[in-house]
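Here are some friendly notes to read alongside the model. Take them point by point, with the structure open beside you.

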Amino acid sequence: MSIKDDWGKVKAVLEQGQASTLYCSIATVNPDGTPHITPVGTVFLGEDQRGYFFDHYAQALGSNIDQNPHVCIMAINAGRLFWLRSL
């Protein structure tokens, strides 16, 4: 999967996950190299392959992204219908 070529799919998965759970998690890397995971309430993915988050308590997340812009976003579709169809 290519982020550039499949950006529409990435956005769709994130939006489905947020619609069912109202939050997601963003993983970044601390300055010492250890992982840091932050649950956030709002993440938007723009058309330009950029993400935007809004969270008052996510201080380490912002400074980690300033040092290393590579992140991993986890958004899970927790809808019962989705999981019943998956089974």
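1. His-36 belongs to strand E2; strands here are DSSP runs of E with at least two residues, helices are runs of H or I with at least four, and both are numbered from the N terminus.

2. A word on what you are looking at. This is a predicted model, in which local features need pLDDT of at least 70 and side-chain atom pairs count only at pLDDT 80 or more, while totals for chains, interfaces and linings use all residues. Residues are numbered from 1 along each chain as its sequence is written, and side-chain values use heavy atoms, leaving out hydrogens and water.

3. Is His-36 buried, exposed or partly exposed? His-36 counts as partly exposed because its relative accessibility is 21%, and the class runs between buried (under 20% relative accessible area) and exposed (over 50%), using a 1.4 Å probe and protein chains only. Thr-38, also placed in strand E2 (residues 35-40), is buried at 9%. The side chains of His-36 and Thr-38 are joined by a polar contact of 3.2 Å; such a contact is a pair of N or O atoms within 3.5 Å, where within protein one must be able to donate a hydrogen and the other to accept it, and residues adjacent in sequence count only if both atoms are side-chain atoms.

4. Thr-38 has its own set of partners: apart from neighbours within four places in sequence, Thr-38 touches Cys-24, Ser-25, Ile-26, Ala-58 and Leu-61.

5. Pro-31 sits in the loop between E1 and E2. Pro-31 is exposed, at 61% relative accessible area. Setting aside neighbours within four places in sequence, its contacts are Asn-64 and Gln-67.

6. Which residues make up the largest nonpolar core? There are 10: Trp-7, Leu-14, Cys-24, Ile-26, Val-40, Val-43, Leu-45, Ala-58, Leu-61 and Ala-75. A nonpolar core is a set of buried Ala, Val, Leu, Ile, Met, Phe, Trp, Tyr and Cys residues joined through side-chain atoms within 4.5 Å. Helix H1 (7-21), strand E1 (24-29) and strand E3 (42-45) each give this core at least two residues.

7. Now to the largest pocket, which holds about 590 Å³ of space. The closest to its centre, out of 19 lining residues, are Trp-7, Leu-45, Gly-51, Val-71 and Ile-73. H1 provides the largest share of the lining, four residues. A pocket is an open set of points on a 1 Å grid over the protein atoms alone, where a 1.4 Å probe fits, with protein on both sides within 12 Å along at least five of seven lines; lining residues have an atom within 4 Å of a point. Grid points are joined across faces, edges and corners, and the volume is the space filled by probe spheres set on the points.

8. Finally, the whole chain. The protein has three helices and five strands, in the order α-β-β-β-β-α-β-α from the N terminus. Of its 87 residues, 24% count as buried.

Notes. Contact = heavy atoms within 4.5 Å.
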